[in-house]
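Grab your viewer and try each task before reading its solution.

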Amino acid sequence: MDLTTVELGSSETARRMNRDLLLQLIRARQPISRADLARFSGLQRSTVSQITEQLINERWIREGAMTRLPRGRRPTMLILNDDLVVLAADIHPRQATVAMVDLNGRLLSRSALPLGADPAKAIGAIIDCMKRIRDSHPKKSLEGIGISVPGRVDTESQRLIFAPNLHWPSFDIKHTIEREMGLPTEMENAATACLTSELWFGRMDGIRDAVLITVSEGIGAGIMINGQLVSGQNGMAGEFGHIPLDPDGPRCACKSNGCWEVFASCNAALRYYSESEPKAKRLTFHELLSLAEEGNVPAAQALTKQAKYIGKGLRMVTAALSPKVVLIAGDITSAWGRFAPTIEKELEELTLAGQPPRLVPTHEGEVARLRGAAALLLQRHSIRKKD
């Protein structure tokens, strides 16, 4: 037993667990009365009353309307406080999206902006965008900022230490934004952020072993084992995208050859199409999807090849981690009917033993990464507020 990771049982530990339980029950079943909270949680009514008052004072929840019952007092219902919001930023190699997100995961405002190769200028532009969105919602209570990045964040320094597709020199993203905005800021790999969103917004009930794969300009993975998110040493756990499938394959941004992402990413699909149609104009991935839907054969073949390699790469994931569920996030989910059969076929054929994991799309495209960035701040800051 590693005693450095063990938290001794105490009354404070129990209060934290009860608080988390009630907050999640309110999120999942709102509007809900204090009496029903006690019934669903199994906690004493006095405990429920004490914790809900604390959550109201911290602005996580608020009282809603009173409801009618056949007899007895009319209870006041509890709901999440949708006036409490988070700023979320999703950073890609050439573009960032900034949004304001409430506790229910609704995007109240969203703005996209181009990014260049200079991280200082890029983060400055993101900060300016955040300030404009903040100032346009003066009545909202801003809790903090969450940032989703296409790379790995060191768990101790909170700096981006591995982002081969971003091509930025070393720059302290988190603390620069935190200093300029004057708000608590959390930053995490996009796949881990998306998985945090699935947990925070309650779509993973009963699942304790899962992997979320982001498919964009690269391939990322967020990992949950036995109900715990796994970061690994220096936050590097989950870099399946940079494991070579073919050492004679194309050069990867990480400077290895034939990594999974050079075969399975959205950039790979665009490469397949340009190789078959060398005279065609340069497309975005959305345009490639549209071409395939219009019946363009080379476009459809490029996407099928991408789907096959997504499935082939998932063998590494399932063999290493044996998850119950594999979630897919990214633009391919908007054409899931095209991708799913091919990925599932490869996954079934390559599963070593037993049943393959269930394959589930997030069905949110790039919005999943924004909600993930918001959930990252909400989950971590709600814990810290209790201390």
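Helices (H or I, at least four residues) and strands (E, at least two) are DSSP runs, numbered from the N terminus. The model is predicted, so to speak of local features takes pLDDT of at least 70 and side-chain atom pairs count only at pLDDT 80 or more, while totals for chains, interfaces and linings use all residues. Residues are numbered from 1 along each chain as its sequence is written, and side-chain values use heavy atoms, with hydrogens and water left out.

**Exercise 1.** Work out which elements supply the lining of the largest cavity.

*Solution.* Start with the terms: on a 1 Å grid over the protein atoms alone, a cavity is a set of points where a 1.4 Å probe fits but cannot get out; a pocket is an open set with protein on both sides within 12 Å along at least five of seven lines; lining residues have an atom within 4 Å of a point. Searching the whole structure turns up two cavities of 30 Å³ or more. The largest cavity comes out at about 170 Å³, a volume being the space filled by probe spheres set on the points, with grid points joined across faces, edges and corners. It has 19 lining residues, and P150, G151, N165, I219 and G220 sit closest to its centre. Now the elements: α6 (190–200) and β11 (219–225) each give at least two lining residues.

**Exercise 2.** Find the residues that line the second largest cavity.

*Solution.* This cavity holds about 40 Å³ of space. Its lining is L23, Q24, R27, W60, L80, L103 and W200. Helix α1 (residues 11–29) has the largest share, three residues.

**Exercise 3.** Describe how α8 and α9 pack.

*Solution.* First, geometry: α8 (residues 266–276) and α9 (residues 285–293) meet at about 55°, axes 10 Å apart. Axes are lines fitted to C-alpha atoms, for helices over the stretch in contact, and angles run from 0 to 180 degrees between N-to-C directions. The pair is therefore oblique (under 35 degrees is roughly parallel, over 145 roughly antiparallel, 65 to 115 roughly perpendicular, the rest oblique). Next, contact (heavy atoms within 4.5 Å): C266, A269, L270 and Y273 of α8 touch F285, L288 and L291 of α9.

**Exercise 4.** Which element gives the most to the lining of the second largest pocket?

*Solution.* That pocket holds about 1,000 Å³ and has 37 lining residues, with R94, E217, N267, L270 and F285 nearest its centre. The top contributor is α8, with seven residues.
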